[in-house]
Amino acid sequence: MKLVKANKNFLLKLIEEIPESQIEEVIDFILFLKHEQDKKLLSDLVFPSESSIDFWNNDIEDEVWNNV
């Protein structure tokens, strides 16, 4: 936990030192990383639901539901 805090403090120090002209680029990069993290989280959630749906995707279930 101390290492994470130290890394965050180091990152904040670096941000303070960069020229104003590069701030937008840093923001874009951070948003890109966040977007990638969000995509992975979504993927991690979707995969189990898809595998459970596959359980019901078969000819027997289709025939039963066709007659309901």
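Visitor: How many Å² does the accessible surface of the protein come to, and what percentage of it belongs to carbon and sulfur atoms?

Guide: The accessible surface comes to about 6,800 Å², and 64% of that belongs to carbon and sulfur atoms. Areas are from the Shrake-Rupley method with a 1.4 Å probe; for residues, only the protein chains shown count as cover.

First, the ground rules. This is a predicted model, where local features need pLDDT of at least 70, side-chain atom pairs count only at pLDDT 80 or more, and totals for chains, interfaces and linings use all residues. Residues are numbered from 1 along each chain as its sequence is written, and side-chain values use heavy atoms, with hydrogens and water left out.

Confidence next. pLDDT is the predictor's confidence in each residue, from 0 to 100. The protein averages 87, and 94% of the residues score at least 70. Where pLDDT is low, the predicted coordinates should not be read in detail.

The protein has three helices and zero strands. Helices (H or I, at least four residues) and strands (E, at least two) are DSSP runs, numbered from the N terminus. The order from that end is α-α-α. The radius of gyration is 23 Å, well over the 11 Å that the globule rule gives for 68 residues, so the protein is more spread out than a compact globule. That radius is taken over C-alpha atoms, and the rule is 2.2 Å times the number of residues to the power 0.38. Along its principal axes, the C-alpha trace spans about 70 × 30 × 15 Å.

Burial comes next. Of the 68 residues, 0% count as buried. Buried means under 20% relative accessible area, exposed means over 50%, and partly exposed lies in between (1.4 Å probe, protein chains only).

Leu-3 sits in helix α1. Leu-3 is exposed, at 61% relative accessible area. From Leu-3 to Val-64 is 61 residues in sequence and 57 Å in space, C-alpha to C-alpha. Glu-25 belongs to helix α2. Glu-25 is also exposed, with a relative accessible area of 57%. Between Glu-25 and His-35 there are 15 Å in space, C-alpha to C-alpha, for a sequence separation of ten residues.

Leu-11, Leu-12, Ile-15, Phe-29, Ile-30, Phe-32 and Leu-33 make a nonpolar surface patch of about 640 Å². Patches are made of residues with over 30% relative accessible area and no salt bridge; like charges are joined within 9 Å, and nonpolar side chains (Val, Leu, Ile, Met, Phe, Trp, Tyr) within 5 Å. Two helices, α1 (2-17) and α2 (23-56), each supply at least two residues of the patch. The largest share, four residues, comes from α2. Leu-33 counts as partly exposed because its relative accessibility is 43%.

Charged pairs complete the tour. A salt bridge is a side-chain nitrogen of Lys or Arg within 4 Å of a carboxyl oxygen of Asp or Glu. By this rule there are four. One of the bridges joins Glu-17 and Lys-13, at 2.7 Å from N to O. Glu-17 and Lys-13 are four residues apart in helix α1, so about one helical turn separates them. Lys-13 is partly exposed at 47% relative accessibility.

Helix α2 has such pairs too. Lys-39 and Glu-36 form a salt bridge, 3.4 Å from N to O. Lys-39 and Glu-36 are three residues apart in helix α2, which means a separation of about one helical turn. Lys-39 is partly exposed at 43% relative accessibility. Glu-36, at 32%, is partly exposed as well. Lys-40 bridges to Asp-44, with the closest N and O atoms 3.0 Å apart. Lys-40 and Asp-44 both lie in helix α2, four residues or about one turn apart. Asp-44 has a relative accessible area of 41%, so Asp-44 is partly exposed.
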